[in-house]
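Please look over the chain below.

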Amino acid sequence: MSLLTNVMDHSLDDGYAEAASRKRAAGDAGLPKTLRAKLGLAGGLVLAALVVTVGAAQARVAAPVVAKEREELIDRIDRETETADKLEGSVDKLRAEVSARQREALRTSGGSGQADLVAVLSGAAAVHGPGVKLVVSDAKEAGGGGGGNPRETSGFSDTGRVRDRDMQRVVNGLWASGAEAISINGQRLTALSAIRAAGDAILVDNKPLVPPYTVLAVGNGKELSSTFQDSADGLYLHALQETYGIRTAISVESDLRLPAAPSVIVRTAQPKTEKGTS
């Protein structure tokens, strides 16, 4: 019992108790209240404030530079866009001039009537007349962006999408049904026109188009419409509508206006001249 009583009365070792007494006598109880601790804390606060101040100053100095670079980039984009528009206008003027000279050369060599016919058949001249208007578009469920917006998904794996080969069959069917001039979304087709695919877009003469695809075909309206719808290509389009939900609408129009195509440059074909007999 005397041992337990001694442990209870002297729970702290005498050596530790003596050391604690010396610290209390010296005024140091282990807390950061000494002059050194206070100076260290003050120095840390000053350093943190300095870092924050320098960072804010650098951000304030860099902000005008970034804003200036952004404005310069916007101005450069605007200038380049304006230059591209001017070049495109110059190209259109040169194409019109080339077409006019071609028609003039045909009139000089073969008469005005023949020149006009050649210009119409080659697509070098704008035309108007009765015909049919055929609108073909993707199914409602197909992901797509009409109105000039990119499509949301990639590839033609979606069977509810109109593909390049579908438009090829439509155009070939209209030609075979008696169309005299055809355009797709304002792009005039000629004997050298190509309908292809690039990614999600359908290209007509390397110009991308977006749905809906409006096909204008000049010809005998009622006869052209009925002949096309009864043809193999018209039935193919109807099958796409019934099976995959592709949307189509065809109507007979009294007056369609088709623009001229870019000048067709013939590099290989030569006209055959008839030799007179004596």
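## Overall picture

Accessible areas here come from the Shrake-Rupley method with a 1.4 Å probe. On that basis, the protein chain exposes about 19,300 Å². Carbon and sulfur atoms supply 57% of that area. The model is predicted.

The protein chain has 278 residues, and 24% of them are buried. Its secondary structure comes to seven helices and eight strands. Take the contacts between residues at least 6 apart in sequence: 74% of them join residues at least 24 apart.

## Salt bridges

How many salt bridges does a search of the whole structure find? The search finds four.

Asp-233 pairs with Arg-169 in a salt bridge, and the closest N and O atoms are 3.0 Å apart. Asp-233 counts as buried because its relative accessible area is 16%, and the cut-off for buried is under 20%. Arg-169, at 32% relative accessibility, is partly exposed.

Asp-166 and Arg-163 also meet through their side chains, at 3.5 Å from N to O. Is Asp-166 buried or exposed? Asp-166 is buried, because its relative accessibility is 2%. Arg-163 has 21% relative accessibility, so this residue counts as partly exposed.

Arg-257 and Asp-255 form another salt bridge, again listed at 3.5 Å, N to O. Here Arg-257 is exposed, at 60% relative accessibility. Asp-255 is partly exposed, at 37%.

## A negative surface patch

Which residues gather in a patch of negative charge on the surface? They are Glu-69, Glu-71, Glu-72, Asp-75 and Asp-78. Glu-72 sits in helix α3, which covers residues 35-110. Its relative accessibility is 44%, so Glu-72 counts as partly exposed. A residue must have over 30% relative accessible area to join such a patch.

Gln-187 belongs to strand β3, residues 187-188. Gln-187 is buried because its relative accessible area is 19%. The limit for that class is under 20%.

What does Gln-187 touch, not counting residues up to four places away in sequence? The contacts are Ile-182, Val-204, Lys-207 and Leu-209.

How values were computed. Residues numbered from 1 in each chain as written. Predicted model: local features only at pLDDT ≥ 70, side-chain atom pairs only at ≥ 80, totals over all residues. Heavy atoms only, no water. Patch = residues over 30% accessible without salt bridge, like charges linked within 9 Å, V, L, I, M, F, W, Y side chains within 5 Å. Lys, Arg positive; Asp, Glu negative; His and termini not counted. Charge placed at Lys NZ, Arg CZ, Asp CG, Glu CD. Helix = DSSP H or I, 4+ residues; strand = E, 2+ residues; numbered from the N terminus. Buried < 20%, exposed > 50% of the residue type's maximum accessible area, 1.4 Å probe, protein only. Contact = heavy atoms within 4.5 Å.
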